[in-house]
Amino acid sequence: MMRIITGTAKGIRLKTLEGDTTRPTAERVKEAVFSMLQMDIEGREVLDLFSGSGQMALEALSRGASSAVMLDSSPAAISVITENANKTKLISKCTIRRTDYLDYIKRNRGKKFDIVFLDPPYASGYYKIALRALIDSDMLKNTSLIVCESGEDTIFGGDEQLAKAFCVVKQSRYSKTFITVISPAEKEDV
């Protein structure tokens, strides 16, 4: 059973999707992620590209993030996210959209986020596509943190140019799960 670990909604149990279409982040992994982010959450704007149950964005809101945009293409996921946002009483800080992540990024060019959660299906190959789209759509600040949860230790899939656009802030492995926190690399003066 998932729950909010700390903050204003501490201890509230969250609903998850039935079946195996989504893979909720294990509580141990979620604790590790938020331990990495603890000083970077207060007042921040969050984007959760593959929200599932909404637990990562809701945890960030519970810990003081100012707002969260939570996306999923599944109607069932949107229903669960909305239910969890209401249950935690964080709904007023949430923007919940049933949409494809790429469509949202393209339609919101220039909207900046402080923290981006990127946890697509592991074998999807969406990491490279999403990261490239975030850069091309100018949605990242120099200080933005992108938290990638993956099944392997590389999220760039051999794309050297994309890898140079980011610096790895921290990477940890928890059983079969890799957490990679990245930030935009400083642009060199030309």
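View 1. At 18% relative accessibility, G64 counts as buried, a word used here for residues under 20% relative accessible area, with exposed standing for over 50% and partly exposed for what lies in between (1.4 Å probe, protein chains only). This glycine is found in the loop between helix 2 and strand 4 (67-72), where helices (H or I, at least four residues) and strands (E, at least two) are DSSP runs numbered from the N terminus. Not counting residues up to four places away in sequence, G64 touches I41, E42 and G43, and contact means heavy atoms within 4.5 Å. The C-alpha atoms of G64 and L14 are separated by 18 Å, and these two residues are 50 residues apart along the chain.

The model is predicted, so local features need pLDDT of at least 70 and side-chain atom pairs count only at pLDDT 80 or more, whereas totals for chains, interfaces and linings use all residues. Residues are numbered from 1 along each chain as its sequence is written, and side-chain values use heavy atoms, with hydrogens and water left out.

**View 2. T99 and its contacts.** T99 has its place in the loop between strand 5 (94-98) and helix 4 (101-107), and it is buried, because its relative accessible area is 12%. Leaving aside neighbours within four places in sequence, T99 is in contact with L71, D72, S73, Y104 and R107.

**View 3. Helix 1 and what covers it.** The buried residues of helix 1 (residues 27-37) are V29, K30, A32, V33, F34, M36 and L37. An α-helix has 3.6 residues a turn, so residues three or four places apart point the same way. The elements that cover the buried residues of helix 1 include strand 1 (2-3), helix 2 (55-62), strand 6 (113-118), strand 7 (140-150), strand 8 (166-174) and strand 9 (177-184).

**View 4. Salt bridges.** A search of the whole structure finds seven salt bridges, each being a side-chain nitrogen of Lys or Arg within 4 Å of a carboxyl oxygen of Asp or Glu. E83 forms a salt bridge with K15, and the closest N and O atoms are 3.3 Å apart. This pair links distant parts of the chain, with E83 in helix 3 (residues 75-87) and K15 in the loop between strand 2 (13-14) and helix 1, 68 residues apart. E83 is partly exposed, with a relative accessible area of 37%, and K15 is partly exposed, with 36%. In another view of this kind, the side chains of D159 and R132 meet in a salt bridge (3.8 Å, N to O). D159 lies in the loop between strand 7 and helix 6 (160-164) and R132 in helix 5 (residues 126-136), so the pair ties together parts that are 27 residues apart in sequence. Finally, K30, E59 and R63 are linked in a network of salt bridges.

**View 5. Strand 7 and its partners.** Strand 7 is mostly covered, as eight of its eleven residues are buried. Strand 6 and strand 7 pair in the parallel sense over five bridges, where pairing requires that DSSP finds at least two bridges between two strands. The chain crosses from strand 6 through helix 5 to strand 7, and this β-α-β crossover is right-handed, meaning that, with the strands pointing away from the viewer, the path from the first strand over the helix to the second runs clockwise. Strand 7 also pairs with strand 9, in the antiparallel sense and over five bridges.
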